[in-house]
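Please look over the model before reading the points below.

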Amino acid sequence: MTDCLFCGIIARTVPGEIVHETERTVAFRDIAPVAPVHVLVVPRTHVENAACIGAEHADDLAAMLIAAREVAEMEGIADPERGYRLVFNVGADSSNSVGHLHLHVIGGRRMSWPPG
Ligand code: AMP
């Protein structure tokens, strides 16, 4: 999609600090990190958000979860004693701000629950 920010990062027409890539996914550092590690995993295919996922996206979704695990391992936050957080925001109530499906991989500090 031409006017999508994350499609631009995937196409490398918009700057982004890409840390991991697969055939189906790209992962890059969040521009405003909320923790020592904050990486966004996105599908190369444009999907608006997690509420738009259908059976046809199953392979992309599996690839995103595998990529998230690999990013966590690469970034040194995969210790099972500590763990990390994976987040999909959907819509205004969640503060979703970018309309290209993305999985937040957040870790490296203790987090509270519920989120603010
Ligand atoms: P969400 O609230 O789930 O839509 O999250 C969108 C995320 O994208 C936010 O955490 C932003 O900081 C991040 N973001 C916005 N623009 C960029 C960019 N150009 N490069 C990397 N991350 C970005």
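The model is predicted.

**Overall dimensions**

- For 116 residues, a compact globule would have a radius of gyration near 13 Å, and the chain, at 14 Å, agrees with that.
- The C-alpha trace of the chain spans about 40 × 30 × 30 Å along its principal axes.
- Of the 116 residues in the chain, 38% are buried.
- The accessible surface of the chain is about 6,800 Å², and carbon and sulfur atoms hold 53% of that area.
- Among contacts in the chain with a separation of 6 or more, 54% are between residues 24 or more positions apart.

**Helix α2**

- The buried residues of α2 are D60, A63, M64, A67, A68, V71 and A72.
- The cover over these buried residues includes strands β1 (18-21), β2 (25-29), β3 (37-43), β4 and β5 (103-107).
- Just after α2, G76 has a positive phi of about 80°.

**M64, a buried residue of α2**

- M64 is located in helix α2 and has a relative accessible area of 1%, so it counts as buried.
- Beyond its neighbours within four places in sequence, M64 is in contact with T25, V41, V42, P43, F88, L101, H102 and L103.
- M64 and I77 are 13 residues apart in sequence, and their C-alpha atoms are 17 Å apart in space.

**Salt bridges**

- Side chains of opposite charge can pair when their charged atoms come close.
- With a cut-off of 4 Å between a side-chain nitrogen of Lys or Arg and a carboxyl oxygen of Asp or Glu, the count comes to seven salt bridges.
- R29 and E17 form one of them, with their closest N and O atoms 3.1 Å apart. R29 belongs to strand β2 and E17 to the loop between α1 (5-11) and β1, so this pair ties together parts twelve residues apart in sequence. R29 is partly exposed at a relative accessible area of 30%, and E17 is partly exposed at 48%.
- R44 and E21 form another, the closest N and O atoms being 3.0 Å apart. Because R44 lies in the loop between β3 and α2 and E21 in strand β1, the pair ties together parts that are 23 residues apart in sequence. R44 counts as partly exposed at 32% relative accessibility, as does E21 at 37%.
- D60 and R24 also meet through their side chains in a salt bridge, at 3.0 Å from N to O. D60 is in helix α2 and R24 is in the loop between β1 and β2, so the pair ties together parts that are 36 residues apart in sequence. D60 is buried, with a relative accessible area of 8%, whereas R24 is partly exposed, with 35%.
- Salt bridges with shared partners join R12, E21 and R44 into one network.

**Nonpolar surface patch**

- L65, Y84 and L86 make a nonpolar surface patch of about 250 Å².
- L86 has 38% relative accessibility and so counts as partly exposed.
- L86 is part of strand β4, which covers residues 85-87.

How values were computed:
Residues are numbered from 1 along each chain as its sequence is written. This is a predicted model: local features need pLDDT of at least 70, side-chain atom pairs count only at pLDDT 80 or more; totals for chains, interfaces and linings use all residues. Side-chain values use heavy atoms; hydrogens and water are left out. Patches are made of residues with over 30% relative accessible area and no salt bridge: like charges are joined within 9 Å, nonpolar side chains (Val, Leu, Ile, Met, Phe, Trp, Tyr) within 5 Å. Accessible areas come from the Shrake-Rupley method with a 1.4 Å probe; for residues, only the protein chains shown count as cover. Helices (H or I, at least four residues) and strands (E, at least two) are DSSP runs, numbered from the N terminus. Buried means under 20% relative accessible area, exposed over 50%, partly exposed in between (1.4 Å probe, protein chains only). The radius of gyration is taken over C-alpha atoms; the globule rule is 2.2 Å times the number of residues to the power 0.38. Contact means heavy atoms within 4.5 Å.
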